[in-house]
Amino acid sequence: MFGWKEVFVGPSKENFEHVKQNLDKGEIEYRVKVKGGNSQVQKDSLGERPVSGSYYYIYVKKQDEEHAKQISK
């Protein structure tokens, strides 16, 4: 995206939502993208649990990048 900078990427929907909430509070315009979505099941010592396989991306305008990074922590 020309003129937009990535400020978040990761597999955690919880972290994704947290960053979006902070950007909303800071009144920073953003765009999102979700890639993947293949449903899988992860098996470990805690049993089986679904894993979405998705990666979440958040982009802000270039001029808002530093402010967005500060409030997104």
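**Core and ring contacts**

Ten residues make up the largest nonpolar core, which has 10 residues: Val 7, Phe 8, Phe 16, Val 19, Leu 23, Ile 28, Tyr 56, Ile 58, Val 60 and Ala 68. Two or more residues of this core come from each of β1 (4-10), α1 and β5 (55-61). The model is predicted.

**Around the core**

- Val 7 belongs to the core.
- Leaving aside residues up to four places away in sequence, Val 7 touches Ile 58, Val 60, Glu 65, Ala 68 and Lys 69.
- Phe 8, Phe 16 and Tyr 56 are also listed in the core, and ring pairs link these three residues into a cluster.

**Aromatic pairs**

- The whole structure holds 3 aromatic pairs according to the search.
- In the pair of Tyr 57 and Tyr 59, the ring centres are 6.5 Å apart and the planes are at 5 degrees, so the pair is stacked.
- Planes under 30 degrees apart count as stacked.
- Tyr 57 is buried, because its relative accessible area is 15%, and under 20% counts as buried.
- Tyr 59 is buried as well, with a relative accessible area of 11%.
- Over the face of Tyr 57 lies Lys 35, at 5.5 Å from the ring centre.

**Asn 22**

- Asn 22 is part of helix α1, which covers residues 13-25.
- The relative accessible area of Asn 22 is 14%, so this residue is buried.
- Asn 22 touches Ile 71, Ser 72 and Lys 73, again not counting residues up to four places away in sequence.

Definitions and conventions. Residues are numbered from 1 along each chain as its sequence is written. This is a predicted model: local features need pLDDT of at least 70, side-chain atom pairs count only at pLDDT 80 or more; totals for chains, interfaces and linings use all residues. Side-chain values use heavy atoms; hydrogens and water are left out. Helices (H or I, at least four residues) and strands (E, at least two) are DSSP runs, numbered from the N terminus. Buried means under 20% relative accessible area, exposed over 50%, partly exposed in between (1.4 Å probe, protein chains only). Contact means heavy atoms within 4.5 Å. Rings of Phe, Tyr and Trp (its six-membered ring) pair if their centres lie within 6.5 Å; planes under 30 degrees apart count as stacked, over 60 as edge-to-face and the rest as tilted. A charge sits over a ring if NZ of Lys or CZ of Arg is within 6 Å of the ring centre and within 35 degrees of the ring normal. A nonpolar core is a set of buried Ala, Val, Leu, Ile, Met, Phe, Trp, Tyr and Cys residues joined through side-chain atoms within 4.5 Å.
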